[in-house]
Amino acid sequence: MKNTSTRLLLSCAAIGVAGGLLYIVASYLGGTVNALVPMLYGLTLGVYFLPGAIAQFLFRRGGVALLVAVLSGLVSAAFQPLGFLAALIAVGIGALQELPFLIFRYRRWPVWLFMAGAVLSGVVLAIGMYRLVGARDLDPAGAIVLVIGSVLSPVVFTLLAIAIGRALAATGVARGIARRADRR
């Protein structure tokens with residue numbers, strides 16, 4: 001990462017630790033939802049996209065979503081049922097978040113690109129949830145709710161991350177380490 005400062009790394013670490021604490025809560029909440037009402041499990045998964053999207057929106061630099069997601073996964077690994085697998089899943093989520101921006105070589109950061117990445121991630125997540133949760137064992141309405149929830153959840157939490165990122169940027173947290181916003 002060219003021109004990476006200690007301040008950027010420490011800011012990513014702070015977001016990563018906060019995200020890890022959020023992952024811990026989300027893992028137990030999601031596990032409970034999966035056990036009681038599996039068709040709604042997809043709605044709980046978007047929270048894993050929050051820390052990486054906040055870092056991307058706030059700093060507008062390549063690799064920050066992956067870095068924050070890995071840190072969040074490592075922080076949460078010791079305290080949740082999935083263990084180290086949580087960190088591996090976080091790597092996948094961070095990579096999915098980086099993909100749309102990588103395609104544009106990290107030169108453009110419009111909100112629509114965040115949304116395109118969230119929809120792509122949601123589709124990948126829906127396919128995984130359909131197989132993992134066993135949607136074939138659900139009635140058709142339950143399977144549809146699971147798939148739609150899995151697609152919409154990353155979109156909703158990415159929108160929340162953008163709102164949080166805007167609020168953080170307004171406080172001046174990223175001044176001096178964030179790249180300028182793309183107005184396109």
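Predicted model: local features only at pLDDT ≥ 70, side-chain atom pairs only at ≥ 80, totals over all residues.
Helices here are DSSP runs of at least four residues, numbered from the N terminus.

**Stop one: the largest pocket**

Select Tyr41, Leu45, Leu82, Ile89 and Met129. Among the 27 residues that line the largest pocket, these five lie nearest its centre. The space you are looking into has a volume of about 580 Å³.

Now colour helix H1 (6-36), then H4 and H5: each of them supplies at least two residues of this pocket's lining. Which helix gives the most to the lining of the largest pocket? Pick H5, with seven residues.

Next, colour the pocket lining by residue class.

To centre your view, select Gln97, Phe114, Gly117, Ala118 and Thr158, the closest to the cavity's centre of the 13 residues that line it.

Show the helices around this spot: H2 (50-59), H4 (84-103) and H5 (111-134) are the elements that give two or more residues to the cavity lining. H5 again deserves a click, as it gives the most to this lining, with five residues.

The cavity lining has eight nonpolar and five polar residues, and no charged residues.

Conventions. Residues numbered from 1 in each chain as written. Heavy atoms only, no water. 1 Å grid on protein atoms, 1.4 Å probe; cavity = no way out; pocket = protein on both sides within 12 Å on 5 of 7 lines; lining within 4 Å. Nonpolar A, V, L, I, M, F, W, Y, C, P; charged D, E, K, R; others polar. Points joined across faces, edges and corners; volume = space filled by probe spheres on them.
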